[in-house]
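Q: I'd like to learn how to read a structure like this one. Could we go through it together, one feature at a time?

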Amino acid sequence: MAAGIREKQTVALKRMLNFNVPPVKNSTGEPVWKVLIYDRFGQDIISPLLSVKELRDMGITLHLLLHSDRDAIPDVPAVYFVMPTEENIDRMCQDLRSQLYESYYLNFISAISRSKLEDIANAAIGANVVTQVAKVFDQYLNFITLEDDMFVLCNQNKELVSYRAINRPDITDTEMETIMDTIVDSLFCFFVTLGAIPIIRCSRGTAAEMVAVKLDKKLRENLRDARNSLFTGDTLGAGQFSFQRPLLVLVDRNIDLATPLHHTWTYQALVHDVLDFHLNRVNLEESAGMESSPAGARPKKKNKKSYDLTASDKFWQKHKGSPFPEVAESVQQELESYRAQEDEVKRLKSIMGIEGEDEGAISMLSDNTAKLTSAVSSLPELLEKKRLIDLHTNVATAVLEHIKTRKLDLYFEYEEKIMSKSTLDKSLLDMISDPDGTPEDKMRLFLIYYISSAQAPSEVDLEQYKKALMDAGCNLAPLSYIKQWKAFTKMASAPTSYGNTTPKPLGLFSRVMNTGSQFVMEGVKNLVLKQQNLPVTRILDNLMEMKSNPETDDYRYFDPKMLRGSDSSIPRNKNPFQEAIVFVVGGGNYIEYQNLVDYIKGKQGKHVLYGCSELFNAMQFIKQLSQLGQK
């Protein structure tokens, strides 16, 4: 895992785009030009990893959706990257009959069944193009990598594996089986790409346990089938895993419902919480300038801008886990250093325009030519820097708007106090009945209080809270679900603890308060975070370091490599793990991801990956809870 999952999946995609042979730098430097045909699933997998420019460098001149109207391009090979669904297969057969391309390289995101393969074969024979179907491959790439150490199962049809789908009271066994199979299929693809067989641990009696049982069976069957095993030979040696296997910890979202509702204070999690941030792309609405529209004119349409926050964005990589105030300050510093460089270039230019032939000017010229040459050669770098500064200025400003209008710093601080059982300086009822603040934020706050309290509030108190929430305009449906959930989980005896630290306000901002700054931070608290482990991180810590703890002692243990599966919670392996994957069944969020990243920083030489069945922010999660709570 020293090579992150992002790199492994990117390498696999590049090999596929190169007709399934590893790309070689050939002497001529001209790639083979080809067309890429994908479905929405394929698009979601490729877009966070490869930019259009990188695709072009790989020889992809056109990339089109499978179900769009496509013209025939008879002298060009086509690479397909799609899910093996009925309608996709029908459409591919139609392409073969219409003889759209010179040759066909068919790649399936997830394994295709025998019967569907026969359908394609029949179509090829019928259209007399058998020789043109060059290759058919199962790629086992059915998951989306968002970071070096983070992946999510799907984005299309994610409601099929959502928290709501798994926790519906009226779900049938067959529906549950289907959901579990979908999740297992993706996890299986993930381990094929990683090139490793994990040791699996999971909590009992949860959806996570069903996933573990099925995944263990699937890995086991694949290992037994020696001729077709996906875990032999070249793939396995490539990892660092030849001697050490990773730990897969499967946890159920229900062990911690407070964190996904929590307001947050780090950059990436805030962007996901308050902006439209999706598969590493953030969409912003630009507010149109006020002064430009004359009286009585139609209000200007808001421009939508989208920015990609990628691995190559150094600022993002460095600061996505930093507390927001720090980010604002860093953007400001970057801006100042950029301006200094820009001024230097301008100054040199003005010197270069020297008139007159006196000696001084000549000697200055030769001196400055060298300087100018270096300044010019650093121009592309400067422009890129400028682009990133503008991008983060816009994104951070948009986040700041939300923090200020919704008082998010106060909510964050208050929730941290509730979760760490500290004394509250203002009653919860006051927070809810405060005229400021949105109904959603108040609902989140109350749900966190309700989930984290050792005993549920008395009926009288609850009615009071409910009335206050109703007055604030909240929809109470999520609460009725959480109420059932709390009664149902035996967690009441031992509510999840969130550590006992509260953020320390560092007084208001110092440097950023300068009038020169882009960010007017007045009134926003400068909260500094203390590292505390969230429940998911704590479970991982127990299992990875082999600590004994009542919370995780009865976790089941599976080793797909053992000949006979044994149902035990006794680990065969007594050594701490170097590498682990935490996977949350029922959805995850950037708060947990960031918490794991911070935790593992302190552990030398260890790696952790975070995965989840879907990625949601608090609003999306509340929506699912209210659908579950509606009678």
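Q: Let's start with Phe19: is Phe19 buried or exposed?
A: Buried means under 20% relative accessible area, exposed over 50%, and partly exposed in between, using a 1.4 Å probe and protein chains only. Phe19 has a relative accessible area of 12%, so Phe19 is buried. Before we go on, this is a predicted model, where local features need pLDDT of at least 70, side-chain atom pairs count only at pLDDT 80 or more, and totals for chains, interfaces and linings use all residues. Residues are numbered from 1 along each chain as its sequence is written, and side-chain values use heavy atoms, with hydrogens and water left out.

Q: Where is Phe19 found?
A: Helices (H or I, at least four residues) and strands (E, at least two) are DSSP runs, numbered from the N terminus. Phe19 is in the loop between α1 and β1 (34-38). Phe19 isn't a glycine, yet its phi is positive, about 60 degrees.

Q: What is phi of Asn280, and where is its place?
A: Phi of Asn280 is near 65 degrees, a positive value in a residue other than glycine. Asn280 sits in the loop between β10 (276-278) and β11 (281-286). With 5% relative accessibility, Asn280 counts as buried.

Q: Which order do the strands have in the open sheet with β10?
A: Two strands pair if DSSP finds at least two bridges between them. Here three strands make an open sheet in the order β10-β11-β12, with antiparallel pairing. β10 and β12 (303-308) stand at the edges with a single partner strand each, so one side of each has no neighbour in the sheet. Between β11 and β12 the antiparallel pairing runs over six bridges, and Glu285 stands opposite Lys304 in β12.

Q: How do the axes of helix α1 and helix α7 cross?
A: Axes are lines fitted to C-alpha atoms, for helices over the stretch in contact, and angles run from 0 to 180 degrees between N-to-C directions. Angles under 35 degrees count as roughly parallel, over 145 as roughly antiparallel, 65 to 115 as roughly perpendicular and the rest as oblique. The axes of α1 (residues 5-17) and α7 (residues 173-194) come within 9 Å and cross at roughly 85 degrees. The two helices are therefore roughly perpendicular to each other. Their contact (heavy atoms within 4.5 Å) is made by Ile5, Lys8 and Gln9 of α1 and Phe190, Thr193 and Leu194 of α7.

Q: And how many helices and strands does the chain have?
A: The chain has 22 helices and 17 strands, and 50% of its 631 residues count as buried.
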